[in-house]
Structures are given as C-alpha cells and as structure tokens.
Amino acid sequence: MFSTVITFQRYLTIAVLAAMLVCGVACQKKTSAENSAPATPVATIQANAPLSANDLSWLFPVPTRSADFANLIAVRDIVTPNPQDSSKHDPVWSDSAFQQYMTIVNGPQAQAGANAQISLPAEARNPEAWFVAGIRIDAGAPGLSNDIHAQYGQLPEIRLIIQPIIKNPDGSPRVLDVAGHLIFDFITLPPDPPPAADCFPRFQPDMASFSPVITDIADIRTRLNNGQIAGHTVSTVGLPLGVHPGLADPATAKALRDELLAFLEKHLAAQRLGSMAVAGLPANAPAPWIFLSILGDRQGHFGPAHGPTLDGVQFAQMLTPAGSAGPRVVPEPHTNNLNSITCKNAAVSATSLPVAQRSGVATSTAFASPAPSADQTKQILDTVADPTKSFFFNTDCISCHTETRRTMDLLKVTTIPGIATAALPNGQWDVRNFGWGDAGRAGMQATVTRRTANETAAVVAFVNSEIIAKQPH
C-alpha cells in the first residue's frame, strides 16, 4: 500500500532529514544554587532584536531527578484541536504515525549488517515514554544556500529531537540512549516540477505560515530577556550553543517549558509531520549504532527512505565500536559533497546518480587505521561540517554524526567556537548531533556538534536578515 502513495511527495519528507539524530552542563550541577543564572543585570531588548543561536535551537538539560519531569515536554503532551471537532484534541504524533514508526524501526529495513538490526527496548515502544530533548527551528531544509535552493527548493521546519525516558521505582528518570526526529514542515502544495530527470520536485516555503513561527519564538526570547517570564531575566545574546540558559535556570525552567509547549501546540499538527528518523541499537546491546530515515506522503503514510549516499537499495547504515572486526562504517557510503550541488541522489532511485559519478569525502575514511594525515583529516571533517557543501542528500548520516568527535580525537581539538565546551561530545560513542548522548562513566550528557552549530548559525543569519529585519519596527 505504501508504494502507491509515494509520488512526488516522497521528497517532502526526506528533504528535511539533513541532520539526523540525534545540552550543556548546567543541568548536571548538584544544587539549585549552582544551576541558577548569574544575577548580572540583563539589558532590555526590543521585540525585533536579532535572534541568537539558542533562540532557534533549544536544548533541554538532561533530567536527573524526579522533579525534572515537570520541566520536560512529553511528546504526547503536544496536542492540537481535531480538524473535524475543535472540542477534541489530537496528539501531533498520532497513534497511526507512532505505530508505523515502531513497525519500521524494528523491521527488516533497519538492518545494516548481517546480524545488526535496530530493536527498540520494550519501554520505548510506548508513546508515553518519549520526551522532547531538543527543538530546532529551520528556515529551509536541506540547506539555505542558493545552490541548494535551486536543486531542492526550501522547506522550513520545526524539528523535535525526542528520546525515551523511563521512571525508576524511586521516581527518578533514566534516559534511554535512543533518539528520534519528528520533522514538521511548512510548504506550499503542489511543488515545483522536477528541475531535471531522476530528481525530486522542489518544494516552496509557506512563509505565511512559517513567519509567525519566528515572530512567536522571538516574542518568547524577548519576554524571557526582559524578565516577563517567571519574573526573572535570562539572556541568550552572544551565548554559544548549548543547554538553553532559561531551561537550565530553576527560576524559569517550568514557566519556559510551558511557553514552549503552547508554542508547539500553536504551530504543529499531525498533518504537518513530513518525516521521521531514528538512531537505535540492537536488542540488549550497546552497539552498533544504526541510523534510519523515514519518509511520508502527507496523507498519514510512512515508509523507510533509501540512503541517499548508498546504492539506492539499502536503507540503514551502522557504526561499529572501536576494536570491531571489519570496517567501522557499514555499508560504506559513496558521498557526493565534492561535486557541484545536484538534485540527483540514491534516495530517488538506484540509477539517479551512479556511484561512479560521485565524488566526496566521509568520516569512514577518518575511522580507518592508519588514519589519514592531519591535513587530509581536516579537509574531510571540515567538508562534512560545512552545511553549504554537505547535507542529507550528498553526505551519509554517520559522517554528520561523528565529524566533531573525530575532529577532537584526531586533531586534538578541545574547544570549538560557537559551542559551549561542556556540550561537546564526551566520548566516541556519543553520536548525538543535538540531544542527550552517552558520555560513558559520566552518564548521559547534553551534546552539540559542530555540524549542528554551523547549521544553526546559517539559520540565524537567514532569519535575522530575511524575516526579523523585514518586520515592522
């Protein structure tokens, strides 16, 4: 049945998967006093002041105490009026979409190796278990450069990074090391005709619907900065990307959570859910990491997406831990991020862009032993981290989720501009781009990668120049 409903709409959902799966340290402090924002006076700002990174990429602290549940948003908390009966409210992640998600991520398309297949733990198979770890507001997937727009169009989106949390017998939270994406898009239909043979159609942004998203998120930023949320001032101006300071501050965490929930309920709807994704593990195993993208048709039907940089037949890709026999990355990606931007890719079909015509780099090379030279390594990792060169359709998921830790390990980098140092991935097995990742003995930690920081910076620049600056003063 699914194959009969994927027509031009297949592109809608996979185009917004540019950065799968996928938190600063303030949330891990031991006392409320340590969590509190400094009492430094905050300068008042106007409603049309430029936005900053943490205004468009919102990262929640890792919950550690039973009381922290009150400051989180359960995915099932996000409901909107039923289109046929406004007295009823429906979850934006509908029961049907959730069940399809479970079937796909626990199904054969989630197999990346001979004996490696995602199998979510029983606790994660209940929709009540999933919580929002992060919210990313993007003015246009799969990228904001003119070259990408010309080939793929522009899909504004609100992306929820979600992870399951279990309540222990004593009421404390236990975050499961699994992550998903729910991607809600703002586009006009029908799309433009395909720009070339073997390509997806180009979707155009519905700015009449998306511009209010920016207006409302700027309003939250302004009121938080000016002490109009919980009577406490919290500024995001100039801060590196990490756990949102207002969500980390006990004085504003609950009130700000409520503001964000109202914002999501205003702008999301089940009908806007265009695509989903997962980073999961085999049953009862800590490895390998397996990544899978899921596409939909805007009519409530979802199915697995072929990997755009694979062979047009395979769906999932996996990362095995250090010391494993065989290659670390399976299947081997065939990226195309060194060629000019093209709408052709293996997600369209196996023949859209043959492997022999591709030219690109991937972190699979940086996992090899011996590793490439420092200059070669830097070129590979810088290319993957550059959203004007690399994105979902020409670069594999594992590359985008491992470039920062590879940069830290191979090039001995300890700080990255634009990212709160405490939010850098603390270990090779933390593959979160934006969310809560496994830092080993340190437990779950809030994580931001260079890839996410660069994407966020591009969105901030676009929003400030094309939306905020053009609003009435």
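Is Ala230 buried, exposed or partly exposed? Ala230 is partly exposed, because its relative accessible area is 47%, and the classes used here are buried for under 20% relative accessible area, exposed for over 50%, and partly exposed in between (1.4 Å probe, protein chains only).

A word on ground rules before the points. This is a predicted model, where local features need pLDDT of at least 70 and side-chain atom pairs count only at pLDDT 80 or more, while totals for chains, interfaces and linings use all residues. Residues are numbered from 1 along each chain as its sequence is written, and side-chain values use heavy atoms, with hydrogens and water left out.

1. You'll find Ala230 in the loop between α6 and α7 (245-248). Helices here are DSSP runs of H or I with at least four residues, strands are runs of E with at least two, and both are numbered from the N terminus.

2. Arg298 is another non-glycine residue with a positive phi, near 65°. Arg298 sits in the loop between β13 (289-296) and β14 (302-304). With a relative accessible area of 25%, Arg298 is partly exposed.

3. Have a look at two cis peptide bonds. One runs from Ala141 to Pro142, with omega near 0°, and Pro142 lies in the loop between β6 (130-141) and α5 (146-152). The other runs from Leu189 to Pro190, with omega near -5°, and Pro190 is in strand β10.

4. On to the cysteines. Counting a disulfide as a pair of cysteine sulfur atoms within 2.5 Å, the model has one. The disulfide joins Cys199 to Cys343, S to S 2.0 Å. The link of Cys199 and Cys343 is right-handed, with 60° about the S-S bond. Cys199 is in the loop between β10 (187-192) and β11 (202-205) and Cys343 in the loop between β16 (329-330) and α9 (363-366), so the pair ties together parts that are 144 residues apart in sequence. Both Cys199 and Cys343 are buried.

5. What about Cys397? Cys397 is in no disulfide, and the nearest cysteine sulfur, that of Cys400, is 7.1 Å away. Seen from the other end, the sulfur of Cys400 has its closest cysteine sulfur in Cys397, and 7.1 Å is too far for a bond. Cys397 counts as buried at 14% relative accessibility, and Cys400 is buried at 3%.

6. Gly435 has Thr447 of β18 as its bridge partner. Five residues lie between the strands, and Gly440 in the turn has a positive phi of about 75°.

7. Helices α6 (residues 207-225) and α12 (residues 450-468) have axes that come within 11 Å and cross at roughly 110°. The axes are lines fitted to C-alpha atoms, for helices over the stretch in contact, and angles run from 0 to 180 degrees between N-to-C directions. The two helices are therefore roughly perpendicular to each other, given that angles under 35 degrees count as roughly parallel, over 145 as roughly antiparallel, 65 to 115 as roughly perpendicular and the rest as oblique. Met207, Phe210, Ser211, Ile214 and Ala218 in α6 meet Val463, Ile467 and Ile468 in α12, where contact means heavy atoms within 4.5 Å. By class, that contact has seven nonpolar residues, one polar and no charged. Nonpolar covers Ala, Val, Leu, Ile, Met, Phe, Trp, Tyr, Cys and Pro; charged covers Asp, Glu, Lys and Arg; the others, Gly among them, are polar.

8. Helix α12 also meets α10 (residues 374-385), with axes within 9 Å that cross at roughly 45°. That makes α10 and α12 oblique to each other. Leu381, Asp382, Val384 and Ala385 in α10 touch Arg450, Arg451 and Asn454 in α12. This contact divides into three nonpolar, one polar and three charged residues.

9. Last one: Ala139, in strand β6. Ala139 is buried, with a relative accessible area of 0%. Leaving out residues up to four places away in sequence, its contacts are Leu144, Gln154, Pro156, Phe210, Val459, Phe462 and Val463.

Conventions:
Pairing = 2+ DSSP bridges.
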